[in-house]
Amino acid sequence: MARFPIAGILIFCSLAGAASHAQESPYIVTYDHYLEEPGNLELEYFSTLGTERSGNGFHAYWVELEYGAKAWWTTEFYTDAQSTFGDGTLLTGWRWENRFRPLKREHFINPVVYVEYEQIQEADKILKEVEGHDVESDQAESNALARGTLDHELEFKLLLSKTFRGWNVAVNPLATKNLLPNKAWEFGYAMGASRPLRLGASPEACNFCRENFIAGVELYGGLGDSESFGLHATSHYLAAAVAWNLPSGWTVRFSPGFGLNSDSHRLLLRWGLSHEFNGFGEQVSRVWEKLR
Amino acid sequence: MSKGRMLLLWFSAGLSLSAFLVGSRAQNSAAGGRFDYSELRNVPEKARLRANPTDRDPRAVRVGKKLFGQHCAECHGEMGEGSKKAPSLRVEEVEQASPGALFWVLTNGVVRRGMPVWSKIPEPQRWSLVSYIKTLKPATDATTPTGAGPP
């Protein structure tokens, strides 16, 4: 059994110098159609700081491990947690996400199929997606009460995206099914547009060149459920988003989001830090071979 | 935790592990001669005939060299010599391919064979990459390609 921690240490030591310059989008909620490069591992951390009118504000955070299994398949594991001010901190669940690219070339619109399994508590506040009749007051409940309900959900998204003249436009309709009995399908959407600040590039590696910054905007919200579809009692957000892709392989994201109606949080301040490691799959394979 | 949930957890863990192994094994077996450059022959005529707009830009090759190091060298090798994961770019097929054909393959990738689409790199940068790739000479003709070398 001691082999596995040793293997983990070996892999991470060997990857320490194998960073990849990322070209990450600034989106935090919306997905474009680009998958992780095969064999690469991206380690990501995100935070959401939210205000709450009828309760305490919160800081929710999550860690993602994103791996390019194939050029047409990316798989990702999340674990998330939250701290509610004046209440407490708790782990709120985990998610396993897969994205599949069905078409082998670029087209006018590029679809990617997204399937995710979630096992999360009602206390989850990362707002990675907004769906159904999710409203601000849902999250005013104390952690002690909200942690008691554990949801098992399957989430499906169709990621539609296009990049033209440097602009990326992405639209993601979503449907979620809570696997607990008698739960309705819930619907939502996310969309975004973004562009690098410069389309050309300088010949030298640089941290502050304009081409390293991608700016954009996101709009996301709920569309009700299969029993009451529509905008009644739903929340919606408009967010600015910026990504800074450093030559060292790090990406920093920042996104202030604003609620668009009285059922939405007034402010969702998000930021994230990620790092891409080249050739993770190859390293795992080598270590695996050595151990056998 | 119920039996059903435990099963689902183990199933998820198993599938994730298989994704790692499938991905990494496929990359390691890629050296077994399955690179045949046929994608360059499948480029649509209109795309093949496109001229490189950065042809007259003296900085294009240097920009392309930097971008190659950032995005391509990981699989194609620091000097484009190829690796287990991706074919050599220092071959006649690439040397003789039109800039438009290289741009098209770069944009669309060869997804089923492991090359991702690179349309997320802005168009002027992709053309600079093409400028640099066109300086790579087949290994039999020259040991050090013009403009090549670790970026």
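Which side chain of chain B does A:E106 meet in a polar contact of 2.6 Å? Select B:S119: its side chain and that of A:E106 are joined at that distance. A polar contact here is a pair of N or O atoms within 3.5 Å; within protein, one must be able to donate a hydrogen and the other to accept it, and residues adjacent in sequence count only if both atoms are side-chain atoms.

**Before you go on**

This is a predicted model: local features need pLDDT of at least 70, side-chain atom pairs count only at pLDDT 80 or more, and totals for chains, interfaces and linings use all residues. Residues are numbered from 1 along each chain as its sequence is written, chains are lettered from A and ligands numbered from 1 in the order in which they are written, and side-chain values use heavy atoms, with hydrogens and water left out.

**Stop 1: A:E106**

Stay on A:E106. The residue sits in the loop between β4 (88-100) and β5 (110-121) of chain A. Helices (H or I, at least four residues) and strands (E, at least two) are DSSP runs, numbered from the N terminus. A:E106 counts as buried because its relative accessible area is 17%. The cut-offs are under 20% for buried, over 50% for exposed, and partly exposed in between (1.4 Å probe, protein chains only).

Then show the neighbours. Leaving out residues up to four places away in sequence, A:E106 touches A:H33, A:Y34, A:R101, B:T107, B:N108, B:V117 and B:S119. Contact means heavy atoms within 4.5 Å.

**Stop 2: the interface of A and B**

Colour by chain. On the chain A side, 49 residues are in contact with 41 residues of chain B. About 4200 Å² is buried between the two chains, and carbon and sulfur atoms give 58% of this area. Buried area is the accessible area (1.4 Å probe) that two parts lose on being put together, summed over both.

Select A:Q23, A:W96 and A:P203. In chain A, these lose the most area to chain B, together 15% of what that side buries.

Next, the polar links. The rule finds 12 residue pairs in polar contact across this interface, both residues at pLDDT 80 or more. Which elements of chain A supply at least two residues each to the side that touches chain B? They are β2 (58-70), β3 (73-84), β4, β5, β6 (150-164) and α3 (280-291). Highlight α3(A), which gives the most, with six residues. By type, that side of chain A divides into 21 nonpolar, 16 polar and 12 charged residues. Ala, Val, Leu, Ile, Met, Phe, Trp, Tyr, Cys and Pro count as nonpolar, Asp, Glu, Lys and Arg as charged, and the others, Gly among them, as polar.

**Stop 3: salt bridges**

The structure holds 21 salt bridges over all chains. Each is a side-chain nitrogen of Lys or Arg within 4 Å of a carboxyl oxygen of Asp or Glu. Four are found across the interface of chain A and chain B.

Zoom to B:K120 and A:E37. Their closest N and O atoms are 3.3 Å apart. B:K120 lies in the loop between α6 (99-108) and α7 (123-133) of chain B and A:E37 in the loop between α1 (3-15) and β1 (41-50) of chain A, so the pair joins two chains. Both B:K120 and A:E37 are buried.

Move to A:D80 and A:R95. This salt bridge has its closest N and O atoms 3.0 Å apart. A:D80 is in strand β3 and A:R95 in strand β4 of chain A, so the pair ties together parts that are 15 residues apart in sequence. Are these two residues, A:D80 and A:R95, buried or exposed? Both are buried.

One more pair: A:E155 and A:K157 meet at 3.6 Å, N to O. Both A:E155 and A:K157 are buried.

**Stop 4: aromatic rings**

There are 14 aromatic pairs over all chains. Rings of Phe, Tyr and Trp (its six-membered ring) pair if their centres lie within 6.5 Å; planes under 30 degrees apart count as stacked, over 60 as edge-to-face and the rest as tilted.

Select A:F213 and A:W244. They are stacked, 5.5 Å centre to centre, with 10° between the planes. A:F213 is in strand β9 (residues 213-225) and A:W244 in strand β10 (residues 236-245) of chain A, 31 residues apart. A:W244 is partly exposed, at a relative accessible area of 23%. Then show A:W72, A:W73 and A:F100, which form one aromatic cluster.

**Last stop: chain B**

Show chain B as a cartoon. Chain B has seven helices and zero strands. Of its 151 residues, 50% count as buried. Among contacts in chain B with a separation of 6 or more, 69% come from residues 24 or more positions apart.
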